[in-house]
Amino acid sequence: MSNLSENTELTAAQKSRQGVIYGLAAYLCWGFFPVYFKSVKVVPPLEMVSHRIVWSLAFLVLLITWKGAWPATIEVLKRPKSLAVLFVTTILIATNWLVFIYAISVGEVLQSSLGYFINPLVNVLLGFLFLRERLERPQWISLALAFTGVLYLAIQYGSVPWISLLLALSFGLYGLIRKVLHVEPLVGLTVETLLLMPFALFYLVQLNQKGTGIFLTHGVALDMLIPMSGVVTAIPLLLFAAAGKKLRLATIGFLQYITPTMHFLLAITLFGETFTHTHLISFLFIWAGLVLYSIHAYRSVKA
C-alpha cells in the first residue's frame, strides 16, 4: 500500500514538472514575441496579421491531421451556436494580434508589457461582471491599485494608454468566452483561424494584385520569417493548453507574469524605449496590485 502511494505521488510530481516545463516554454515563447515581430516590422501590421492567419491555419491543419482531430473539428463546424460564439472569439483574438503587432512596429513594447501585466486583474473584473464571482477585499484593492496606475499614466501623458487596455480587454474577453464554450484548444483555434482565413486570403490577394505586398519581394530572409509566424503562433498556444491540463490555476497564474516581464526588460534594454519617472510610478501601482492579487490567490488555493 505504501509503495502504491509513493508511485502515485511520483506520478503526480512528474506530471507537475512536465506542466511547469510546458508552461515555462509557452510563456518564454510569448516573451520573445517582440524580437520576432521586430525582425519583420517592415511588413505592415494588417498584412502581418493576414500572413499569421494563413500560415497558422496551414500548421494547424497538419496538427489536426496528425492528432486525428478532424471529426471533433467538423462537429464544431456543424453547430451554429458554437460557430457564432467562435466568430466572436475570432474577432477578439484577431484584434489582440493586430494591436500587439502594431505596438511592436511603432516602438510601444512598454505599452504591450503594461497590457499583459494588467490582464490578470482584468480577468478578475470580468469574472465579477459576467460570471458573478464574488470579489474579496484584497481583490478589490488590487483592482483599485491597477486602475490608479493606468489613470496616473493617462493624466500625466494626456492620453489613455489604449494599446495596453485593448490588449488586456481583448485577451481577457477571449479567455472568458472560451472558458464558457468548452471547446478543445486545438479544435477551437483551428476553427477560429478557419473563420478568419477568407478575409486574410482576400486581403493578401488584393495586395499581390496591386504589387504592394511584402512577401516574396524583400529577400530570402524575410520570405522565410513570414511563414514562421504560423509556427510561432500555434506552438505556444498548444504548450499552454498542455500545461493547463497538468497544473493548478494558481501555478499558471504565477507563470503568466513571465511574458510581460520579458516584454518590459526587452523594451528598456534591447529596444531602447524611454522609461520615465511617470512609467515607474504607474508600473509600481500595477505591480503592487499584482503582488497583492498573487498572495491572496496563493493563500486561497492553499486553504
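Among contacts in the protein chain (heavy atoms within 4.5 Å) that join residues at least 6 apart in sequence, 85% link residues at least 24 apart. The model is a predicted one, in which local features need pLDDT of at least 70 and side-chain atom pairs count only at pLDDT 80 or more, whereas totals for chains, interfaces and linings use all residues. Residues are numbered from 1 along each chain as its sequence is written, and side-chain values use heavy atoms, with hydrogens and water left out.

The protein chain holds 14 helices and zero strands, where helices (H or I, at least four residues) and strands (E, at least two) are DSSP runs numbered from the N terminus. Read from the N terminus on, the order of elements is accordingly α-α-α-α-α-α-α-α-α-α-α-α-α-α. For 303 residues a compact globule would have a radius of gyration near 19 Å, and the 20 Å of the protein chain agrees with this; the radius is taken over C-alpha atoms, and the globule rule is 2.2 Å times the number of residues to the power 0.38. Along its principal axes, the C-alpha trace spans about 65 × 60 × 35 Å.

Of the 303 residues in the protein chain, 44% are buried, where buried means under 20% relative accessible area, exposed over 50%, and partly exposed in between (1.4 Å probe, protein chains only). The protein chain exposes about 16000 Å², of which carbon and sulfur atoms supply 69%; accessible areas come from the Shrake-Rupley method with a 1.4 Å probe, and for residues only the protein chains shown count as cover. The mean positions of the 20 positive and 11 negative charges are 5 Å apart. In this count Lys and Arg are positive and Asp and Glu negative, while His and the chain ends are not counted; the place of a charge is taken as NZ of Lys, CZ of Arg, CG of Asp or CD of Glu.

An unreviewed UniProt entry places the feature "domain: EamA" at residues 19–153; such positions are given in the numbering used here, feature names are shortened, and annotations may be inferred rather than shown by experiment. Over residues 19–153 the chain is 86% helix and 0% strand, and the end C-alpha atoms are separated by 36 Å. Gly-19, a residue of helix 1 (residues 2–31), counts as buried at 0% relative accessibility. Apart from its neighbours within four places in sequence, Gly-19 is in contact with Ala-243, Lys-246 and Leu-247, while its C-alpha atom is 26 Å from that of Gly-289, 270 residues away along the chain.

Helix 13 (residues 258–268) is mostly covered, with eight of its eleven residues buried; these are Ile-258, Thr-259, Pro-260, Met-262, His-263, Phe-264, Leu-266 and Ala-267. Ser-113, in helix 6 (residues 109–130), is also buried, with a relative accessible area of 0%. When neighbours within four places in sequence are left aside, the contacts of Ser-113 are Pro-260, His-263, Phe-264 and Phe-283. The C-alpha atoms of Ser-113 and Leu-167, which are 54 residues apart along the chain, are separated by 9.5 Å.

In helix 14 (residues 277–302) lies His-296, which counts as buried at 13% relative accessibility. Leaving aside neighbours within four places in sequence, His-296 is in contact with Glu-136, Pro-138 and Gln-139.

Trp-55, found in helix 3 (residues 45–67), is partly exposed, with a relative accessible area of 28%. Not counting residues up to four places away in sequence, Trp-55 touches Phe-215, Ile-226, Pro-227, Ser-229 and Gly-230, and its C-alpha atom is 19 Å from that of Pro-34, 21 residues away along the chain. Pro-44, in the loop between helix 2 (33–39) and helix 3, counts as partly exposed at 38% relative accessibility; the C-alpha atoms of Pro-44 and Phe-87, 43 residues apart along the chain, are separated by 24 Å.

The backbone at one loop position is also noted. Most residues other than glycine have a negative phi. Leu-216, although not a glycine, has a positive phi of about 70°. Leu-216 is placed in the loop between helix 9 (185–210) and helix 10 (220–225), and Leu-216 is exposed, with a relative accessible area of 62%.
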